[in-house]
Amino acid sequence: MTRQIMHLDMDAFFASVEQADNPEHRGKPVIVGGAERGVVCAASYESRKFGVHSAMPIFQAKKLCPDGIFLPVRMSRYKEISRKVMEILTGISPVVECVSIDEAFVDITGTEALFGPGRSLALKVKADVFEATCLTCSVGIAPNKFLAKIASDFNKPNGLTIIEQADVESFLRALPARKIPGVGSRTAEELKNLGVVFASDILKLPVRFWIKKFGKWGARLHDKARGIDDSPVETNSDPKSISAEETFQHDVDSIPELEKMLLSQAEEVARDLRRHRFQGRTVTLKVKYSDFKTVTRSRTLPEPFDSTHVLFSTARQLLLDLNPARKIRLIGVGVSNFSSGLTQMKMLPQREFRKHEHLDRALDDIHSRFGYDSVKRGRLFEP
């Protein structure tokens, strides 16, 4: 049975979510990042025409696209949409590797009896994703992971490219070497200096040459030029930590404002804990000052928790103990040292624990039904 791997990649994900949620932004250059001193997290295809791209400093993006719509990152909303997409993928195969919030590999080998040939399945997935999210995605199908990833990027946006086993050799013959995953700008320049323009040019030199030049990566590079990649699609292991952080638009020294951000982050992190059915014991506070000096402070609690209140209270105390004397550029909070299952927490009086537990569960239920922006804690509202 020929192996078939699907790679799904959402199109300009963060920016597309903003356009879907705000119809007045559709067809306009949307740039997600927001903070003046941050970087572009996502750029709509309309803004890319001006030369804007992800990881570009926001100030540079504003020079290139002064009429662009610059929006802050809404990570909780993007996670909400991502979960819908991943649920669609796990509905067609149990072997799904979530690479990031907006892309995943799926082993679809042997699914023909259920869903028909690869093209039919890909069209179904694209239609299901659009119905669930109003967003488009690009899909690539190939005999292995690295070719599937290349294929998904071939006809973006809303693309579909299938590479059959019989076509691998001719595909690689015309594939620019810089398109091979793992070949960055520096490696691409080295390859160019060696006369390597296309992937097939790599095979003009023996594998021992590439091992001598690049080590183990050289052997993998040679294999990829032959269309060989045996790496499996690995279902994701449990996370080691869950965190959230935010760069302020302006440096902050107001403790109430810092606490408000910590509460918002604590709610996001604790919500993820409960969704994964994890409880953690170690709380970590991260602070980056205006001079870019970064400090972290951690506290390990006697018992595991998944409570927003416990997380916020602990992070708040870490902040107060830090007693920051300088303005802060970034703040973040994380939880680690996980245990799974449900454990009765004795850090709070029973009555208070139940009150906070009921509040967390009620908010989780409302958010799952109506979205994260449907209801907020009163302390998080702007005055």
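Mentor: Quick definition before we dig in: two residues are in contact when they have heavy atoms within 4.5 Å of each other. Keep in mind, too, that this is a predicted model.

Trainee: Okay! Which residues have the most contacts inside the largest nonpolar core?

Mentor: Nonpolar side chains tend to be buried together in soluble globular proteins. Here the largest nonpolar core has 33 residues. The ones with the most contacts inside that core are M6 and L8.

Trainee: How are α9 and α10 placed to each other: parallel, antiparallel, perpendicular or oblique?

Mentor: For two packed helices, you look at the angle between their axes and the distance between the axes. Helix α9 (residues 185–193) and helix α10 (residues 207–214) pack at about 135 degrees, with axes 13 Å apart. Roughly antiparallel would need over 145 degrees, and roughly perpendicular covers 65 to 115. So α9 and α10 are oblique.

Trainee: Is their crossing left-handed or right-handed?

Mentor: To find the spot, look for T187, E190 and L191 in α9 meeting W210, K213 and F214 in α10. Those contact residues divide into 3 nonpolar, 1 polar and 2 charged. As for the hand, the crossing of α9 and α10 is right-handed.

Trainee: Where's the cis peptide bond at K156, and what is its omega?

Mentor: The bond joins K156 and P157. P157 lies in the loop between α7 (145–152) and β8 (160–162). Omega for this cis bond is about -5 degrees.

Trainee: A12 has a positive phi, so is A12 buried or exposed?

Mentor: A12 lies in the loop between β1 and α1, and its phi is about 40 degrees although it is not a glycine. The relative accessible area of A12 is 7%. Under 20% counts as buried, so A12 is buried.

Trainee: What about R277, buried or exposed?

Mentor: R277 also isn't a glycine, and its phi is about 60 degrees. You'll find R277 in the loop between α12 (255–276) and β10 (278–289). Its relative accessible area is 62%, and over 50% counts as exposed, so R277 is exposed.

Terms used
Residues numbered from 1 in each chain as written. Predicted model: local features only at pLDDT ≥ 70, side-chain atom pairs only at ≥ 80, totals over all residues. Heavy atoms only, no water. Core = buried A, V, L, I, M, F, W, Y, C linked by side-chain atoms within 4.5 Å. Buried < 20%, exposed > 50% of the residue type's maximum accessible area, 1.4 Å probe, protein only. Axes fitted to C-alpha atoms, helices over the stretch in contact; angles between N-to-C directions. Helix = DSSP H or I, 4+ residues; strand = E, 2+ residues; numbered from the N terminus. Parallel < 35°, antiparallel > 145°, perpendicular 65-115°, else oblique. Left-handed = near helix turned anticlockwise from the far one by under 90°. Nonpolar A, V, L, I, M, F, W, Y, C, P; charged D, E, K, R; others polar.
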